[in-house]
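Student: Could you walk me through how to read a cavity, a strand and a core in a model? I'd like the idea, then the case here.

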Amino acid sequence: SENLLQTANKILTNILSLIDTNGTLCMPTHPYYKNDPGFMFDKSDLICTYDPQKTISRVGIINEIFRRKKETKRSFHPLSSLSVIGPLSDFLLENNLNETKPLPHGISSSYYKFYKKNGLVISIGIPLASTMTIFHCGDEIRDLEWPVDNFFYERVFKVVISSEATEYIVRERRPEFVRCLCTKKRRKDLLREGILHEASVNGIRVDWAQSKDVVD
């Protein structure tokens, strides 16, 4: 019998075996901050330190193992970070943290560049409709044109780059708007439009969607 770590390693090895030398594999590796009270709280006064090389991920053991691989590169944005292996790594990660107070899924983000390449989004074992990070690009690439006032708010992070911690201001969705993601309705809409696909492979749930269809 295998333990959880062995099973996760085997799954990741199988996934990587499906990616040829021309393919790029991305996984969300949203950072875990010990003193973070959660999505529903205002964190304007909370300053966390994000080290792309050391800060662990909070979105699953497979993603964390992937993040720790020597050939993996990780985005510098301290929210909704993305880890990448493959020839598109530099393109996807370029300038994702800058002086424009970037949103985690906005026009500077790795997720936006993933969308521009129409990357395939896949979930294994869990519903994609409730875990689809790319969906937030639809809000954030509109940014100042978004019709809800004060939809985003500013936060300060210390980000470790080349062993030096520098303060950056970024923005994210206000906590009161996290309460109205409408995931059940979103799933129905995406299924109705033929964008979201849900299936089972050897008894394991596998969902998928093209990122361009989701965001557009």
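Predicted model: local features only at pLDDT ≥ 70, side-chain atom pairs only at ≥ 80, totals over all residues.

Student: Which residues line the largest cavity?

Tutor: The lining is made up of S75, H77, L79, S80, N96, L103, P104, S109, S110 and Y111. The volume of this largest cavity is about 40 Å³, and the structure holds one cavity of 30 Å³ or more.

Student: Now strands. Which way do the residues of strand 4 point, and are they buried or exposed?

Tutor: Look at which side each residue faces. In strand 4 (residues 82-85), L82 and V84 go one way while S83 and I85 go the other, and all are buried.

Student: How many bridges join strand 1 to strand 4?

Tutor: Four, with strand 1 (residues 25-28) and strand 4 running antiparallel. P28, for instance, has L82 as its bridge partner in strand 4. Strand 3 (residues 73-74) also pairs with strand 4 in the antiparallel sense, over two bridges, and there K73 is partnered with V84.

Student: And the largest nonpolar core: which residues have the most contacts inside it?

Tutor: Those are M132 and I134, in a core of 20 residues. Strand 4, helix 3 (89-93), helix 4 (110-116) and helix 8 (211-215) each give it two or more residues, with the largest share, three residues, coming from helix 4.

Student: What does M132 touch?

Tutor: Leaving out residues up to four places away in sequence, M132 touches V121, L190, L196 and V214. Apart from that core lies another, of ten residues, including Y33, L97, Y168 and V170.

Key
Residues numbered from 1 in each chain as written. Heavy atoms only, no water. 1 Å grid on protein atoms, 1.4 Å probe; cavity = no way out; pocket = protein on both sides within 12 Å on 5 of 7 lines; lining within 4 Å. Points joined across faces, edges and corners; volume = space filled by probe spheres on them. Buried < 20%, exposed > 50% of the residue type's maximum accessible area, 1.4 Å probe, protein only. Pairing = 2+ DSSP bridges. Core = buried A, V, L, I, M, F, W, Y, C linked by side-chain atoms within 4.5 Å. Contact = heavy atoms within 4.5 Å.
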